Amino acid sequence: MAGVYAGWGQIVTIAIMAIALGMDAFSLGVGIGMKGIRLLHVLQLSLLIAFFHVLMPLLGLFTGSYVGHLLGQVTTYAAGGLLLLLGGHMVFNSFRRNDSGSRSMDHGTFWGMLLISLSVSVDSFSVGVSLGMFVNSIVLTVLAFGLCGGIMSITGLLLGRRVSRGLGDYGEALGGAILLGFGLLFIF
């Protein structure tokens with residue numbers, strides 16, 4: 001019976017982390033949506049983000065599994081430390097971002113969409129490394145990350161056409177706070 005509860009706990013953890021990582025895609029979508037974006041580009045960018053939200057954690061899961069075998073007992077602390085760093089980075093960046101750099105990249109070109117998608121998915125690699133140290137279901141994990149990344153990016157892009165810029169920044173800060181919380185849970 002304890003195995004059933006452990007399985008559900010892992011599913012809930014993965015779902016919450018997928019949503020937290022999707023907050024970055026949501027934040028980016030709100031910013032781009034504020035500048036105006038065609039519906040075709042909304043679909044293309046969201047699909048690219050979903051693809052990279054599958055690929056990056058998959059690579060991270062394999063890396064984390066290997067590192068987990070190397071670290072042994074220290075695995076949980078290493079995973080928690082990575083999540084703390086990533087969550088802190090997301091919270092910090094949500095409040096210091098301005099309209100220059102990658103946020104003003106041309107989202108209408110293929111290369112612009114590719115770089116934007118990769119930039120919001122890099123965080124998924126780090127979380128994949130952390131989860132690779134103890135997660136059992138790789139398929140469920142990467143599908144949850146991809147689905148949440150895609151849905152949250154399309155939601156942000158469409159919502160960005162109608163709301164203020166602050167919503168996206170607070171969304172990313174919330175995602176970072178969630179990852180910080182999980183990092184603390186792993187360590188303590």
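Predicted model: local features only at pLDDT ≥ 70, side-chain atom pairs only at ≥ 80, totals over all residues.
## A nonpolar patch and the helices around it

Residues are numbered from 1 along each chain as its sequence is written, and side-chain values use heavy atoms, leaving out hydrogens and water.

Now for the overall plan. The protein chain has six helices and zero strands, which gives the pattern α-α-α-α-α-α when read along the sequence. Both kinds of element are DSSP runs numbered from the N terminus: helices are H or I with at least four residues, and strands are E with at least two. The protein chain has 188 residues, and 46% of them count as buried. Buried means under 20% relative accessible area, exposed means over 50%, and partly exposed lies in between (1.4 Å probe, protein chains only).

Which helix gives the largest share of the nonpolar patch? That is helix 2 (residues 39-71), with three residues. Leu71 has its place in helix 2, and Leu71 counts as partly exposed because its relative accessibility is 35%.

Helix 2 also has packing partners. Two packed helices are described by the angle between their axes and the distance between the axes. The axes are lines fitted to C-alpha atoms, for helices over the stretch in contact, and the angles run from 0 to 180 degrees between N-to-C directions.

With helix 4 (residues 110-132), helix 2 packs at an angle of about 30°, and their axes are 6 Å apart. Helix 2 and helix 4 are therefore roughly parallel to each other. With helix 5, the packing angle of helix 2 is about 150° and the axes are 8 Å apart. That makes helix 2 roughly antiparallel to helix 5. The cut-offs are under 35 degrees for roughly parallel, over 145 for roughly antiparallel, 65 to 115 for roughly perpendicular, and oblique for the rest.

The crossing is right-handed for helix 2 and helix 4, and right-handed for helix 2 and helix 5. A crossing is right-handed if the near helix is turned clockwise from the far one by less than a right angle, and left-handed if anticlockwise.

Next, a few single residues. In helix 4 we find Gly128 and Gly132. Is Gly128 buried or exposed? Gly128 counts as buried, at 0% relative accessibility, and Gly132 is buried too, at 12%. Helix 5 (residues 138-160) holds Ile151, which is partly exposed at 47%. Val139 is also placed in helix 5 and counts as exposed at 57%.

| Pair | Apart in sequence | C-alpha to C-alpha |
|---|---|---|
| Gly128 and Thr141 | 13 residues | 8.6 Å |
| Gly132 and Gly68 | 64 residues | 7.3 Å |
| Val139 and Val54 | 85 residues | 9.4 Å |
| Ile151 and Ala25 | 126 residues | 9.1 Å |
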